[in-house]
Amino acid sequence: MSVVALLVVIALAAGVGCGFLLVRPAIPQSLRSSTASGSIIAAKSRFDDARDVTVTVHTGTGRTVASPKSGTITAYGCAPGQTIDSGTSFIAVDEVPLLSLHTAVPPFRDLQSGMRGRDVAALNAELRRLGYAAPDGDAMTWDTILAYNALADTVGAARLVKDNGWTLAKDAYVWLDGQSVTIRSCVAGIGASIDVKSELLTTDSQSQSVSVTMPQDEVVAGDRVLDVDGRMVDMPQQTTVITDSSTLAALLGSDAYRQAAGTAESSGSASDVTFTLQWLLKTPIDVWSLPPTAFYAQHDEQACVVSDGKPVAVTVIGSRLGHSMATVDSGAALGKVRTNPQGGKPCR
């Protein structure tokens, strides 16, 4: 009887189990996959192909900024680490602000209307760079005088006037050897008596050249830029040396350069300063993220996929997080992509 009872219990348990299986609720429609088995909905994103590039600033020795005039310093805006830009003023002598100005040729003579030379061309070029309507040439003209006076007025410096023959004296402004210089140490002070060529301050090492080391692996074709503190600077792939003045100014004024230069100085290392910036596509492109199994007829970076039942030609440009990134050769959008397109038709 005990054996019979045990068999009855087992039969009842099996029956109950089968009953649960038969009445198991169906999967709610909201939780069902929206994609047929063996396919995925292609995901699109923007891709800038950002790469690290190494920028090296090969520096020389620091420079001394000297006074062009004698007198008493009545204003003196100087602090280590502070930047002095061409076209500004950091000092006044005998209550007259002195303009700080960079020219490619240092001032060595007084300039009058009608004079020509490399020094005049350098003056005109800097005035134009600062936004003033100086002539494009090596002649000192009335437009040069007007442009200089307009700049001088912004800081309250002495103007070129009839009483001095509209002459720009060689001691009219403080000459800077760069469009922007960083102060290393302050030598003078308010109330100090100075002579011509008295040392006012010293600057950090001035850049002699800047080189760039580009990535050695293949990058996505297209115009590219360097990200300098959020400012995008044009930077072609073949660039090895930077000579453009505006790009140099941006690099030497960047947070990355200042941090690297400070580290190099504190460690007493060599004068070269090296730092890393992001180099990326100027205009990001649309890419599709797909599993590697979605591609067939692949040769190098060229491949095919099946999208919405049709063969589509794509170019594989890289991989990320286990998925391959591809662009569609025709520029069309991808839809439902087959993940195992065995026997797919040619797409080219």
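Guide: Lys 282 counts as partly exposed, its relative accessibility being 46%, because that label covers values between buried (under 20% relative accessible area) and exposed (over 50%), found with a 1.4 Å probe on protein chains only. Please keep in mind that this is a predicted model, in which local features need pLDDT of at least 70 and side-chain atom pairs count only at pLDDT 80 or more, while totals for chains, interfaces and linings use all residues. Residues are numbered from 1 along each chain as its sequence is written, and side-chain values use heavy atoms, with hydrogens and water left out.

Visitor: What makes Lys 282 and Asp 234 a salt bridge?
Guide: The term asks for a side-chain nitrogen of Lys or Arg within 4 Å of a carboxyl oxygen of Asp or Glu, and the closest N and O atoms of Lys 282 and Asp 234 are 3.2 Å apart, so the pair qualifies. Lys 282 sits in the loop between β17 and β18 (285-290), whereas Asp 234 belongs to strand β15 (residues 231-234), and the two are 48 residues apart. Asp 234 also counts as partly exposed, at 49% relative accessibility. The strand names come from DSSP runs numbered from the N terminus, with E for strands of at least two residues and H or I for helices of at least four.

Visitor: Why is Arg 51 called buried?
Guide: Its relative accessible area is 17%, so Arg 51 falls under the limit for buried. Its side chain meets that of Asp 217 in a salt bridge (2.9 Å, N to O). Arg 51 lies in strand β3 and Asp 217 in the loop between β13 and β14, so this pair ties together parts that are 166 residues apart in sequence. Asp 217, with a relative accessible area of 47%, is partly exposed.

Visitor: Which residues are linked with Arg 51 and Asp 217 in a network of salt bridges?
Guide: The network also includes Asp 49 and Arg 224, whose side chains meet at 3.3 Å, N to O. Both Arg 224 and Asp 49 are buried.

Visitor: What makes a set of residues a nonpolar core?
Guide: The members must be buried Ala, Val, Leu, Ile, Met, Phe, Trp, Tyr or Cys residues, joined through side-chain atoms within 4.5 Å. The largest such core here has 20 residues, and among those that touch the most other members are Leu 226, Phe 275 and Trp 279. Strand β17 gives the most to this core, with 4 residues. Phe 275 touches, among others, Val 53, Leu 251 and Tyr 257, when residues up to four places away in sequence are not counted; contact means heavy atoms within 4.5 Å. In soluble globular proteins, nonpolar side chains tend to be buried together.

Visitor: Why is Asp 300 counted as exposed?
Guide: Asp 300 has 59% relative accessibility, so the value lies over the limit for exposed. Asp 300 is placed in the loop between β19 (296-299) and β20 (302-307), and its phi, near 55°, is positive in a residue other than glycine.
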